[in-house]
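Dear colleague,

Here is the structure I said I would pass on. My notes on what was found in it follow below.

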Amino acid sequence: MDGSAFNKRRPIILSWFLFLGVPFALTYFIWDWFASFPDIQPRFFTQSYPASQKMRDELVYIRQTNRLHPENERRIIHASLETAKLLKVPPSLLWCLLFQESRLNHLLGLDGSRSSYGLGQFTHFGFYEINYQMHRYDHAHNEALVKLLGKDVRPILPHIDDPKSPSSYFSIPTAVVATGLYLRNRYLHLTRILEERDYKYDPQILWLYAAMAYNKGTRGILSFWNEQQNQGGRSRVKDLVLNKKIFFNVATQPRIYEAGFARIWSFQKSKHYSKELAIHLKNISSCALTPQKEIPQ
Amino acid sequence: MKLIKNTLRDLSHALSPKNIEKEIRSFLKPGSHHQWATMVIIVSVGFFAYLIFLSSLIAPDIQIVQDRFNSLASIYELGGIKQFQIKKSKLRRDVSRTLRANKAKRAQLIATNISLYLFPDLLPDENFEKQVALEQWLPLQQVIEKHPGAHQSRLKFEEMKSNIWNYENPDKAAPKISNTASTILHIYDVMSTR
């Protein structure tokens, strides 16, 4: 095309450029604006916890009766936010788990009267896992421990004689980090089991299962899944790990866990643990999740 | 040497195409003794094979299985590792038959729980707990059985104990594990110290 022909066609070329280019540019900028806009959908895990009014009232009561010192509360919040960020645990879930287990009393069990200790109510076997078995779940956990506490403080134990020691589970930052790691181990273990069986899952639902496994043992959850698989096949388990609506409709009913627990325990104990597990899930959900009515299904 | 030579010679004659053809013709002759004899042998062998197959379907009484499981620790104490392995092998056979043939709910539960802690390979692949057992206590048990009473066995036992407690315990206020898990830990506690 020579110069004079180009000059003649220039208005047409320019028109086409404007006709196609402007909508394209507009679309791109609108997309970019929405992509960077703050979330307009409510999150599954709330950013303001505890979410339920009942628990907020209880928290106020605990403060007012001096069972929770403001400085300790601040340290728990700070440690749980830092831990959640590094370990990619939902912050509300971690905080609510600590609240559920100990009502944020970091010295619970200091007098040696209990089988479990501190903020996350760790048992001796929980300490063993944190101290010696972290590599089994994620090799990065050792690094996370160092980043969060400044150094590897293991072995972590319930040092009754020196509760403020960084290696003591009665030290707030140590307790929060150890609890976060243990919770994440449960999550990684459950997701790995599902992935090995080619199950797709919703990670948010799996975090709730991890909190349930923290409370009642991984065996309780796997027995539940085995029982559901026996009754309804793979599709039943798939619904329970992928579909939030089905999960909440089913998993908050106490009786749903009885058959699974009955594989392990006596009839009476099965009923008792089932009820406890359903209550635990309800409490964790009401504390850590955006109220259900706001969450789009 | 001569005997072997003669035997080989007779065998090669018996298996020669000509002889085989002759045998087949003799067999196909109605009413021949050869035919009757062959049928009797086939029926007898088939009958015994069927008996063996039937016996594999019959599961022992579940209480017997439970008792055999519960007695493994004392078998080790009295008879050592060899006796233990013989009894464990028999228990494995019983558990396997129970899983296959005894459809009673209680029997299936007991057999499944024993399998989980001693013979996880008997569990179906769909069982969510199978992989946990294969990873978290079966290898440790194998080390303990290979080196009973050794220091490394004691370390493996402590690891297994922690794994099972973390896996099962449903109550932090009053920690506990199932009877089956408790029995398993007792067996390997004894084995790792003596």
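**Salt bridges and the A–B interface**

Asp152(A) and Arg154(A) form a salt bridge, with their closest N and O atoms 2.9 Å apart. Asp152(A) counts as partly exposed, at 38% relative accessibility. Please keep in mind throughout that this is a predicted model.

A second salt bridge in chain A is made by the side chains of Lys216(A) and Glu276(A), at 2.8 Å from N to O. This pair links distant parts of the chain: Lys216(A) sits in helix α8 of chain A and Glu276(A) in helix α12 of chain A, 60 residues apart. Buried or exposed, where does Lys216(A) fall? Lys216(A) is buried, because its relative accessible area is 3% and the cut-off for buried is under 20%. Glu276(A), at 29% relative accessibility, counts as partly exposed.

Arg219(A) forms a salt bridge with Glu168(B), and here the closest N and O atoms are 2.6 Å apart. Arg219(A) lies in helix α9 of chain A and Glu168(B) in helix α9 (residues 151-168) of chain B, so the pair joins two chains. Both partners are buried: Arg219(A) has a relative accessible area of 1%, and Glu168(B) is at 2% relative accessibility. Salt bridges that share partners join Arg219(A), Glu168(B) and Glu129(B) into one network.

Over all chains the count comes to 23 salt bridges. Between chain A and chain B the count is 3. One of the salt bridges across the two chains is that of Lys172(B) with Glu101(A), whose side chains meet at 4.0 Å, N to O.

**The rest of the interface**

The polar contacts across the interface of chain A and chain B come to 19 residue pairs, with both residues at pLDDT 80 or more. On the side of chain A that touches chain B, the elements giving two or more residues are α5 (124-132), α7 (172-196), α8 (203-216), α9 (218-242) and α12 (267-288) of chain A. α9(A) gives the most to that side, with 8 residues. By class, the side of chain A that touches chain B holds 15 nonpolar, 14 polar and 9 charged residues.

In total, 38 residues of chain A and 32 residues of chain B take part in the contact. The area buried between chain A and chain B is about 2900 Å², and carbon and sulfur atoms give 51% of it. Which residues of chain A lose the most area to chain B? They are Phe125(A), Arg197(A) and Arg219(A), together 25% of what that side buries.

In soluble globular proteins, nonpolar side chains tend to be buried together. The largest nonpolar core here has 118 residues, and the members that touch the most others are Leu208(A), Tyr209(A), Trp225(A), Tyr257(A) and Tyr188(B). α7(A) supplies the largest share of this core, 13 residues.

What does Tyr257(A) touch, not counting residues up to four places away in sequence? The residues are Met212(A), Phe224(A), Ala251(A), Thr252(A), Ser274(A), Leu277(A), Ala278(A) and Leu281(A).

Regards

Notes. Residues are numbered from 1 along each chain as its sequence is written. Chains are lettered from A and ligands numbered from 1 in the order in which they are written. This is a predicted model: local features need pLDDT of at least 70, side-chain atom pairs count only at pLDDT 80 or more; totals for chains, interfaces and linings use all residues. Side-chain values use heavy atoms; hydrogens and water are left out. Contact means heavy atoms within 4.5 Å. Buried area is the accessible area (1.4 Å probe) that two parts lose on being put together, summed over both. A polar contact is a pair of N or O atoms within 3.5 Å; within protein, one must be able to donate a hydrogen and the other to accept it, and residues adjacent in sequence count only if both atoms are side-chain atoms. Helices (H or I, at least four residues) and strands (E, at least two) are DSSP runs, numbered from the N terminus. Ala, Val, Leu, Ile, Met, Phe, Trp, Tyr, Cys and Pro count as nonpolar, Asp, Glu, Lys and Arg as charged, and the others, Gly among them, as polar. A nonpolar core is a set of buried Ala, Val, Leu, Ile, Met, Phe, Trp, Tyr and Cys residues joined through side-chain atoms within 4.5 Å. Buried means under 20% relative accessible area, exposed over 50%, partly exposed in between (1.4 Å probe, protein chains only).
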